[in-house]
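Hi there,

Here is the structure I promised to pass on to you. Have a look at it first, and then read my notes on what turned up in it.

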Amino acid sequence: MNPKQQSSLGALQFKSIDGLQIRFATNDRKNGEPILLLSPLPESILAFLPTWDSFSALGPVIAMDIPAFGLSESRAGVRSPEGLGEFVMRVVDSFGLDRPHVVAPDVGTPACLFAAANHPGVFKSMVIGSGATDHTDIGGILDKLVNAPSLEPYKALTGEQFVRGALENMTTYKLPDYALQDYLASYEGARFWDAVDFIRAYPQSLPRLAKRLPEIVTPCQIIVGRHDPFVPVSNAEGLHKGLPKSNLSVLECGHFVWEDAAAEYAKLACDFITGGYAKL
């Protein structure tokens, strides 16, 4: 997709943030509390196609391809949960967001948890989940890429193979072809290995995050799929136990809860954003 190509999210645009060209979409609303949506692996902001209208009905929405996940630029310093968490702070500043609600499934989960630990009060609430916070409790190709002593056995793996293989776990949602093509472009060539750099940082980053969880007072809604082959429910249960203020909701689907269970996901997230967070 080029910068002006239309999707159900509206025009996909680029903005320079901290020296990187970042792709985003916005509903251009001015009233209401801001909501920041962060792209998951191995997808892009088009992962929010089935939930966009629900979030847009609440207030101003910014959906962003986070560096290494989508078609934004990246660099080495942001390809770790801590580094990406700090970059999200630059995003909040760049868009002038005042205590946004953040929806950060998958790889956005550990990044935003670090951001919340390092910058208390920056988010009003967080909707997270389906992202590892314990690198010893993951499965499938994610486990192999994160925990393998060497990536040498996987050097022939391509982004297209990785994307298509992961999407086999999507069983209900009918992914539009233009979204699939966007996902494939997002992890083409070296872009795939940029994404792998991020998850390869888990064994160093996530134990540090686990120690910081008790400090995070931002209310969190954790949403996961019961049949996720990559990040099992037990991973989310550990996160739920470690956070002072959190709900855990387990939906009857696989990894891609925001698409395969979009209606339930949107309702849980929107109910939390519109007041549920204040009850924790």
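This is a predicted model: local features need pLDDT of at least 70, side-chain atom pairs count only at pLDDT 80 or more; totals for chains, interfaces and linings use all residues.

In what order do the eight strands of the open sheet follow each other? The order is β3-β4-β6-β5-β7-β8-β9-β10, and the pairing is mixed. At the edges stand β3 (13-17) and β10 (246-251); each has a single partner strand, so one side of each is left without a neighbour in the sheet. On average, neighbouring strands are turned by 25° against each other, direction ignored. As background, the strands of a sheet pair through backbone hydrogen bonds, either parallel or antiparallel.

You can find both kinds of pairing here. Strand β5 (residues 35-38) and strand β7 (residues 101-105) run parallel and are joined by three bridges. If you want a place to start looking, I35 stands opposite H101 in β7. By contrast, β3 and strand β4 (residues 20-26) run antiparallel, with five bridges between them. There, S16 has Q21 of β4 as its bridge partner.

The turn between β3 and β4 deserves a visit too. This hairpin has two residues between the strands, and D18 takes a positive phi near 50°. Is D18 buried, partly exposed or exposed? With a relative accessible area of 44%, D18 is partly exposed. Another residue of this kind is D106, in the loop between β7 and α3. Its phi is near 65°, again a positive value in a residue other than glycine. D106 is buried, with a relative accessible area of 6%.

The bond that joins L41 and P42 is cis, with omega at about 0°. You will find P42 in the loop between β5 and α1 (52-56).

Now for some helices. How many of the eleven residues of helix α3 (residues 108-118) are buried? Ten of them are, so the helix is largely enclosed by the rest of the structure. Among the buried residues of α3 are P110, C112, L113 and F114.

Helix α5 (residues 159-167) shows another pattern. Its buried residues are G159, F162, V163, A166 and L167. Seen down the axis of α5, they fall within an arc of 120°, so they line one face of the helix. What do these buried residues pack against? Their partners are α4 (140-147), α6 (177-186) and α7 (190-200).

N235 sits in helix α9 (residues 233-242). Since residues under 20% relative accessible area count as buried, N235 is buried because its relative accessibility is 3%. A polar atom of its side chain lies 2.8 Å from the backbone oxygen of D137. Leaving aside neighbours within four places in sequence, N235 is in contact with G131, A132, T133, D134, D137 and I138.

S72 is in the loop between β6 (61-64) and α2 (81-94). At 1% relative accessibility, S72 counts as buried. A polar atom of the side chain of S72 lies 2.8 Å from the backbone nitrogen of R23. Not counting residues up to four places away in sequence, S72 touches Q21, I22, R23, D65, I66, P67 and R191.

Lastly, the cysteines. How many disulfides does the structure hold? The number is zero. C253 is in no disulfide, and the nearest cysteine sulfur, that of C270, is 17 Å away. C253 counts as buried at 8% relative accessibility. C270 is in no disulfide either, and C270 counts as buried at 10% relative accessibility.

Enjoy exploring, and write back with any questions.

Best wishes

Technical notes: Residues are numbered from 1 along each chain as its sequence is written. Side-chain values use heavy atoms; hydrogens and water are left out. Buried means under 20% relative accessible area, exposed over 50%, partly exposed in between (1.4 Å probe, protein chains only). Helices (H or I, at least four residues) and strands (E, at least two) are DSSP runs, numbered from the N terminus. The arc is that of the directions from the helix axis to the C-beta atoms. Contact means heavy atoms within 4.5 Å. Two strands pair if DSSP finds at least two bridges between them. Axes are lines fitted to C-alpha atoms, for helices over the stretch in contact, and angles run from 0 to 180 degrees between N-to-C directions. A polar contact is a pair of N or O atoms within 3.5 Å; within protein, one must be able to donate a hydrogen and the other to accept it, and residues adjacent in sequence count only if both atoms are side-chain atoms. A disulfide is a pair of cysteine sulfur atoms within 2.5 Å.
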